[in-house]
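Please walk through this structure with me, from the chains down to single residues. Keep the sequence and the 3D view at hand.

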Amino acid sequence: MSTNRHLIIPGIISAVLAVIGDLLVVFVLHLPPGHATTAANDDTFTGQVFAIISWSVGAAVVTYAVYFLVLSKRTTEAPATQHAYLRSHLVLQTAWIGTCIVLVMFAAGLGVVALEGQTSPNLVVPASALASGATHDPLIIQVIGQQWQFTYRYPQYGGFETQELRLPTGRLIQFDVTSLDVSHSFSAYQLAVKIDAIAGVNNVGYVYVLNPTVIDVRCGELCGLWHGYMTDVGSQAGRALTPSQFSAWLSYAQRTFGPEEHNLPKFALTYYPTPLTY
Amino acid sequence: MSSARKLTIAGGFALFAIIALLLYVLVWLSYNPETITPPTQVNSSGQVSTHLFLATTGSIDFGTHPSWVAYLIRQDNKWVSSTVWQVPAHSVVHVTIWEYDSQTGLRNPFISMVRGTVGGTAVENGKTIRYMNPNLPAHSFSIPELGLNVPLEGISQSSYPADLTNPHNTHVTITFSFRTGNAETLHWQCFVPCAAGFLFGWGGPMQTVGYMDGYLKVVNTK
């Protein structure tokens with residue numbers, strides 16, 4: 001069998017495997033984190049792209065490896081002589097290196113575009129939403145990390161504080177994240193948001209929620225004994241609500257948590273609570 | 001690869017696995033805090049309930065860290081040092097806390113609000129409260145997974161220290177109730193940074209089970 005056929009046959013097999021796998025990735029597998037926000041859409045799309053590339057390249061590498069392993073066991077040709085040397089194949093080498101360069105540059109470009117789209121507030125709100133009347137005017141939610149619970153303040157509604165994260169769909173959300181003690185990290189899975197909570201620092205992130213969803217919040221920075229329990233999940237999970245549901249929750253929250261506002265410090269981007277040391 | 005070499009490598013992996021297993025068992029045996037299970041009651045309508053009788057003290061005065069702040073639980077008419085308790089699922093847990101420690105204040109004043117209890121309130125020395133001056137708590141009893149938070153007002157500095165072995169000594173009595181759901185293991189903690197001598201007041205007893213935090217095991221009962 002000629003050398004070309006030894007290259008073509010596994011190439012066809014790996015192409016078929018690649019197509020099957022790629023179709024599974026696109027239509028069957030539900031890659032995280034989902035489609036609740038524009039950022040989640042971007043992350044899911046990025047995951048699909050990398051899954052397709054990885055599967056396709058992996059399928060080719062494994063197919064060729066297995067093919068030549070099987071072939072070497074079956075061949076009746078004489079083994080190479082004692083002084084045989086490997087010959088280079090310029091076309092194959094160029095094709096392999098060129099393919100790698102293209103894939104890496106594509107991944108880098110994709111990452112830059114995605115990062116810009118998720119960190120620039122003017123790009124977070126999709127064009128279709130802007131055309132329907134959405135604005136760049138954000139709802140500000142301050143996320144306060146402390147050992148070992150996240151609490152949330154809503155400065156545009158009197159500055160009340162709550163342990164319940166609620167936000168509306170169809171509006172740009174600005175998270176102002178800080179900490180009262182050690183470093184934490186606000187990680188909201190379905191929102192595809194992860195922002196570090198550092199004492200004395202205000203870290204800002206933006207998200208645009210497309211669909212109502214449960215929001216599982218976890219701390220993403222080791223912060224002490226109960227770091228693993230610093231979560232808002234299950235009955236305490238956050239929620240992205242429709243605008244009318246959010247309005248109803250606001251009324252409830254202002255009634256319930258509003259009376260506590262006079263005990264809270266004036267809203268600020270960072271806090272330096274006493275006692276700082278004991 | 002020769003058979004002897006393969007045998008050596010396999011033996012190495014097996015030895016590593018055995019040592020790892022032994023270490024795991026040793027750690028598990030050495031860290032197995034005592035679990036206290038208060039008795040339960042069932043009322044005429046089938047509602048299961050139990051009672052946690054707790055106390056907090058500014059220094060536990062015995063054990064590995066006698067100067068540490070600590071929670072204790074009443075069992076058989078004695079105060080027992082354990083912060084791992086077991087309660088029934090789908091039950092009402094009535095809690096009585098005798099607060100013997102002095103006022104510290106809160107790092108986050110939001111913790112001064114009573115949340116997650118039956119009725120949204122607690123009773124302090126016979127008076128129903130929902131909010132508290134954030135400078136007054138000595139400790140709090142909080143189960144974030146249930147949304148439960150109860151600030152515990154401390155005694156005045158002039159009354160401190162108060163010996164909890166004498167129930168007539170000055171203390172603040174706080175009572176409240178909360179409901180449990182399905183069987184699960186919850187963590188509870190104090191949110192007042194009351195660990196004297198530690199940075200931010202969050203080290204030592206604040207991060208050691210048996211003092212200012214622990215587990216609440218919610219279990220199914222027959």
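The secondary structure of chain B comes to one helix and 14 strands. Here helices (H or I, at least four residues) and strands (E, at least two) are DSSP runs, numbered from the N terminus. Two points on conventions come next. This is a predicted model, in which local features need pLDDT of at least 70, side-chain atom pairs count only at pLDDT 80 or more, and totals for chains, interfaces and linings use all residues. Residues are numbered from 1 along each chain as its sequence is written, while chains are lettered from A and ligands numbered from 1 in the order in which they are written.

Stay with chain B. Its C-alpha atoms fill a box of roughly 80 × 50 × 35 Å along the principal axes. The radius of gyration of chain B is 21 Å, whereas a compact globule of 222 residues would have one near 17 Å. That radius is taken over C-alpha atoms, and the globule rule is 2.2 Å times the number of residues to the power 0.38. Chain B is divided into domain 1 (1–32) and domain 2 (34–219). Such domain bounds come from an automatic or database domain assignment. The C-alpha centres of these two domains of chain B are separated by 43 Å.

How much of chain B is buried? Of its 222 residues, 38% count as buried. A residue is buried if 20 or more other C-beta atoms lie within 10 Å of its own, exposed if 12 or fewer, and partly exposed in between; C-beta atoms are placed from the backbone. Contacts in chain B with a separation of 6 or more come 68% from residues 24 or more positions apart. Two residues are in contact if their C-beta atoms, placed from the backbone, lie within 7 Å.

Now cross to chain A. In the model, 22 residues of chain A are in contact with 24 residues of chain B. The side of chain A that touches chain B divides into 10 nonpolar, nine polar and three charged residues. Ala, Val, Leu, Ile, Met, Phe, Trp, Tyr, Cys and Pro count as nonpolar, Asp, Glu, Lys and Arg as charged, and the others, Gly among them, as polar.

Chain A has six helices and 12 strands. Its C-alpha trace spans about 90 × 50 × 30 Å along the principal axes. A compact globule of 278 residues would have a radius of gyration near 19 Å, but the value for chain A is 27 Å. Buried residues make up 27% of the 278 residues in chain A. The domain assignment of chain A gives domain 1 (3–73 + 92–119) and domain 2 (136–263). The C-alpha centres of domain 1 and domain 2 of chain A lie 36 Å apart. Across that boundary, nine residues of domain 1 of chain A are in contact with 12 residues of domain 2 of chain A.

Look next at the helices of chain A. Helix 3 (residues 90–119) of chain A has 30 residues and reaches 43 Å from its first C-alpha to its last. Helix 3 of chain A is hardly covered, with one buried residue among its 30. Helix 1 (residues 3–27) of chain A holds I13(A). I13(A) is partly exposed because 16 other C-beta atoms lie within 10 Å. The C-alpha atoms of I13(A) and A59(A) are 8.9 Å apart, with the two residues 46 apart along the chain.

Then come the strands. Two strands pair if DSSP finds at least two bridges between them. Strand 1 (residues 139–146) of chain A runs antiparallel to strand 2 of chain A, joined by five bridges. The two form a hairpin with two residues between them. One of the facing pairs is V143(A) and Y152(A). Strand 2 of chain A also pairs with strand 3 (residues 160–162) of chain A, antiparallel, over three bridges. There, R153(A) has E161(A) as its bridge partner. This second hairpin has five residues between its strands, and G158(A) in the turn has a positive phi of about 95 degrees. Why is strand 2 (residues 149–154) of chain A largely enclosed by the rest of the structure? Five of its six residues are buried.

Finish at an open sheet of chain A. Four strands form it in the order 7-6-10-11, with antiparallel pairing. Its edge strands are strand 7 (193–197) and strand 11 (231–232) of chain A, each pairing on one side only. Strand 10 (residues 217–219) of chain A pairs with strand 11 of chain A over two bridges. R218(A) stands opposite T231(A) there.

Terms used. The expected span of a helix is 1.5 Å times one less than its number of residues.
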